[in-house]
Amino acid sequence: MPDILVLYYSRGGSVARLARQIARGIGEVDGMQARLRTLPPVAPVTTVAAPPEPEDGAPYVEPHDLADCAGLLLGSPTRFGNMAAPVKHFLDTLGAEWASGTLVGKPAGVFTSTATLHGGQESTLLTMLVPLLHHGCVIAGIPFTEPALSTTRSGGTPYGASHVAGGDDHPEPTEEEALLARALGRRVAVLARKLQA
């Protein structure tokens, strides 16, 4: 069964919970399944290597995950209107995959979480899309035919799924945020199935 890679970095748990909603949406498409993977943290000076596997949650991504996937959903918390350093660091290491065309023609989408409503969700999503365009991905967003996109009072954009954690860093998506995350997962899975046909 083809896998859609749901790859993310999550520090407070919000992006991880959004990833699980996206995975649920992927699972709603016949013949498709999600492969959850995460990214290790980075630091200016590495004093201790990251463990080979995280203590909890999804395993770390490996090169074959990108090669094997039928589509990609990439998630990051917002850092000053941009993706977090671990996601950017990972993308910066994909020169060989770019040169060999590993992701060319595969559908891709993005997702994020912020502490505030105006914390840079859309700019983060857009900057995450740029490297995926360079890799030749077929970009998928959330169309306004999804009713929750017009009614949400928190996260959710046409550029990708999102969550507003708030000042108390509440990691659980709202009902509308979860609906939109599942819609994005379904959309990428359906596109992947059509492109493989």
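Helices (H or I, at least four residues) and strands (E, at least two) are DSSP runs, numbered from the N terminus. The expected span of a helix is 1.5 Å times one less than its number of residues.

This is a predicted model: local features need pLDDT of at least 70, side-chain atom pairs count only at pLDDT 80 or more, and totals for chains, interfaces and linings use all residues. Residues are numbered from 1 along each chain as its sequence is written, and side-chain values use heavy atoms, with hydrogens and water left out.

**Stop 1: the whole chain**

Show the chain as a cartoon. Its secondary structure comes to seven helices and seven strands. Trace the elements from the N terminus: β-α-β-α-β-β-α-α-β-α-β-α-β-α. The radius of gyration, taken over C-alpha atoms, is 16 Å. The globule rule (2.2 Å times the number of residues to the power 0.38) gives 16 Å for 197 residues, so the chain is as compact as a globular protein of that length. Along its principal axes, the C-alpha trace spans about 45 × 40 × 30 Å.

Now colour by burial. Buried means under 20% relative accessible area, exposed over 50%, and partly exposed in between (1.4 Å probe, protein chains only). Of the 197 residues, 49% count as buried. Switch to the surface: the chain exposes about 9,500 Å², and carbon and sulfur atoms supply 56% of that. These areas come from the Shrake-Rupley method with a 1.4 Å probe; for residues, only the protein chains shown count as cover.

Contacts (heavy atoms within 4.5 Å) come next. Among those between residues at least 6 apart in sequence, 75% join residues at least 24 apart.

**Stop 2: helix H1**

Select residues 14-27. Helix H1 has 14 residues and reaches 20 Å from its first C-alpha to its last, close to the 20 Å expected at 1.5 Å a residue. Ten of the 14 residues are buried, so H1 is largely enclosed by the rest of the structure. Show side chains for the buried ones: Ser14, Val15, Ala16, Leu18, Ala19, Gln21, Ile22, Ala23, Gly25 and Ile26. What do the buried residues of H1 pack against? Their partners are strands E1 (3-8), E2 (33-38), E3, E5 and E7, plus helix H7 (175-196).

**Stop 3: strand E5**

Select residues 107-114. Eight of the eight residues of E5 are buried, so this strand is largely enclosed by the rest of the structure. Turn the view to check both faces. One side carries Pro107, Gly109, Phe111 and Ser113, the other Ala108, Val110, Thr112 and Thr114, and all are buried.

Two strands pair if DSSP finds at least two bridges between them.

- Strand E3 (residues 71-79) pairs with E5 in the parallel sense over six bridges. Pick Leu72: its bridge partner in E5 is Ala108.
- Strand E6 (residues 138-139) runs parallel to E5, joined by two bridges. Pick Pro107: its bridge partner in E6 is Val138.
- Strand E7 (residues 161-164) also runs parallel to E5, with four bridges. Pick Thr112: it stands opposite Ser162 in E7.

**Stop 4**

Cys137 is in no disulfide either, with the sulfur of Cys69 as its nearest. At 4% relative accessibility, Cys69 counts as buried. Cys137, at 8%, counts as buried too.

Key: Disulfide = S-S within 2.5 Å.
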